[in-house]
Amino acid sequence: MPPHNNNRHSRRTKVVREDIKGNPWVDYKDVDDLRRVLTPNGKIYSRKRLGTSAVEQRRVSQAIKRARFLGLLPYTSGTL
């Protein structure tokens, strides 16, 4: 049996960070990190793909919505 290749899954940068007290937060102004969690069409990736918990995924979606409202991220794929 051939050995498994563990290099398939590269290390992803975490979008959800923790503050001093350990509370998760997402910076809506960090557009480069938020673009990594969007599909080419502009949809948000699932929790399974991102590896986030339910609370973290809600924070990610809220940060993306804030960035879209402020014009930092596009709503559609026209300008991604």
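**Briefing: core, salt bridges and surface of a predicted model**

Leu70 is exposed, with a relative accessible area of 52% (exposed means over 50%, buried under 20% and partly exposed in between, with a 1.4 Å probe and protein chains only). The model is predicted: local features need pLDDT of at least 70, side-chain atom pairs count only at pLDDT 80 or more, and totals for chains, interfaces and linings use all residues. Residues are numbered from 1 along each chain as its sequence is written, and side-chain values use heavy atoms, with hydrogens and water left out.

**Surface patch**

- Leu70 lies in the segment after H3 (helices are DSSP runs of H or I with at least four residues, strands runs of E with at least two, numbered from the N terminus).
- Together with Phe69, Leu72 and Tyr75, Leu70 forms a nonpolar surface patch with about 480 Å² of accessible area (patch residues have over 30% relative accessible area and no salt bridge, nonpolar side chains being joined within 5 Å; areas come from the Shrake-Rupley method with a 1.4 Å probe).

**Nonpolar core**

- The largest nonpolar core has 14 residues, and among those with the most contacts inside it are Val26, Val60 and Ile64 (a core is a set of buried Ala, Val, Leu, Ile, Met, Phe, Trp, Tyr and Cys residues joined through side-chain atoms within 4.5 Å).
- Helix H1 (31–36) and H3 are the elements that give two or more residues to this core; H3 gives the most, with four residues.
- Leaving aside neighbours within four places in sequence, Ile64 is in contact with Leu34, Val37, Leu38, Ile44 and Leu73 (contact means heavy atoms within 4.5 Å).

**Salt bridges**

- The structure holds four salt bridges (a side-chain nitrogen of Lys or Arg within 4 Å of a carboxyl oxygen of Asp or Glu).
- Arg17 is partly exposed at 31% and forms a salt bridge with Asp30, the closest N and O atoms being 3.2 Å apart.
- Arg17 also forms a salt bridge with Asp33, with the closest N and O atoms 2.8 Å apart; this pair links strand S1 to helix H1 across 16 residues.
- Asp33 counts as buried at 10% relative accessibility.
- Lys29 and Asp27 meet in a salt bridge of 3.9 Å, N to O.
- Salt bridges that share partners join Arg17, Asp30, Asp33 and Arg36 into one network.

**Thr52**

- Thr52 sits in the loop between helix H2 (47–50) and helix H3 (54–69), and is buried, with a relative accessible area of 15%.
- The side chains of Thr52 and Gln57 are joined by a polar contact of 2.8 Å (a pair of N or O atoms within 3.5 Å; within protein, one must be able to donate a hydrogen and the other to accept it, and residues adjacent in sequence count only if both atoms are side-chain atoms).

How values were computed. Patch = residues over 30% accessible without salt bridge, like charges linked within 9 Å, V, L, I, M, F, W, Y side chains within 5 Å.
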